[in-house]
Amino acid sequence: MASATGVSAVGNLSTPAEEGLAEPSEELLVAIMNQVNYYFSKKNLSRDKFLQDAIRKNPEGFVSLDTLITFPKLKALSTDFDVLATAMRRSSELVVSEDGKQVRSKDDHLAALGTPVGIGSRTFGNVGEMKKYFRSILHRYDRGMVLEKKDQDDVLELLQKYHPDAQGKMGDGVKAVEAGSNAQFPDTLCFVVRRNDDTTMDFSYIKCVEAAFVGR
């Protein structure tokens, strides 16, 4: 489920059905519009992988209201599709489908974010997200520990695809990937390739990640 980050929820707002009213309040409509505007903003999309993936599944970038009402802040405002559509149609930043069951951003913010990078079964929308993933792998291990196979596979794919001297690092083949350090920076943890001849070479995952997004 997507994260609950977003515009602050407005308290004590109810849907028409909950209050028995014929029409939703102005306050409720504005709150819904602002919340959905935020979801589709460049700021939120830059870090919301769930919504990025949902947008990419539709050729025109539409996301169903069934998906959006799983977001806690919007769900707290209303789950009535008619109310949601009415509110979203007020926005100059959104496009609502003719049937009122889907919505997309007027601007293609994903294009501005660049093409996602794939490693293994994962995709990364930006440098920060990818760095965080590989940092989390590295810090699961103590110095000298060999990475588990899935982690090794992802680290080696990163190295092969994006390090400027991948062949030099890997030599005649890789026996294992370990957590270790560079001789010049002994206090800094990094990935170390143990080659088939038992020689070792450290490398910077940060350099690889940054290279992955050059020109995207």
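Helices (H or I, at least four residues) and strands (E, at least two) are DSSP runs, numbered from the N terminus. The model is predicted, so that local features need a pLDDT of at least 70 and side-chain atom pairs count only at pLDDT 80 or more, while totals for chains, interfaces and linings use all residues. Residues are numbered from 1 along each chain as its sequence is written, and side-chain values use heavy atoms, with hydrogens and water left out.

Q: How many helices and how many strands are there in the protein?
A: The protein has 216 residues. Counted as DSSP runs, its secondary structure comes to 12 helices and eight strands.

Q: What is the mean pLDDT of the protein?
A: pLDDT is the predictor's confidence in each residue, from 0 to 100. Of the residues in the protein, 88% reach 70 or more, and the mean pLDDT is 88.

Q: How many contacts beyond near neighbours in sequence does the stretch of residues 8-12 have in the model?
A: A contact means heavy atoms within 4.5 Å. Where pLDDT is low, the predicted coordinates should not be read in detail. The pLDDT over residues 8-12 is below 50, and the contacts of this stretch beyond near neighbours in sequence number five.

Q: Is phenylalanine 40 buried or exposed?
A: Buried means under 20% relative accessible area, exposed over 50%, and partly exposed in between (1.4 Å probe, protein chains only). Phenylalanine 40 lies in the loop between α2 (26-39) and α3 (42-45), and, leaving out residues up to four places away in sequence, its contacts include Leu45, Ile55, Val103 and His109. Because its relative accessibility is 2%, phenylalanine 40 counts as buried.

Q: Which residues form the covered face of strand β3?
A: In a regular strand the side chains alternate between the two faces of the sheet. Strand β3 (residues 102-105) has an uncovered face, Gln102 and Arg104, and a covered one, Val103 and Ser105.

Q: Which residue in the turn of the β2 and β3 hairpin has a positive phi?
A: Strand β2 (residues 94-96) pairs with β3 in the antiparallel sense over three bridges, with valine 96 opposite valine 103. Five residues stand between the two strands of this hairpin, and the one in the turn with a positive phi, of about 75°, is glycine 100.

Q: How many disulfides does a search of the whole structure find?
A: A disulfide is a pair of cysteine sulfur atoms within 2.5 Å. Cysteine 190 counts as buried because its relative accessibility is 11%, and cysteine 208 counts as buried because its value is 0%. The number of disulfides found in the whole structure is zero.

Conventions: Pairing = 2+ DSSP bridges.
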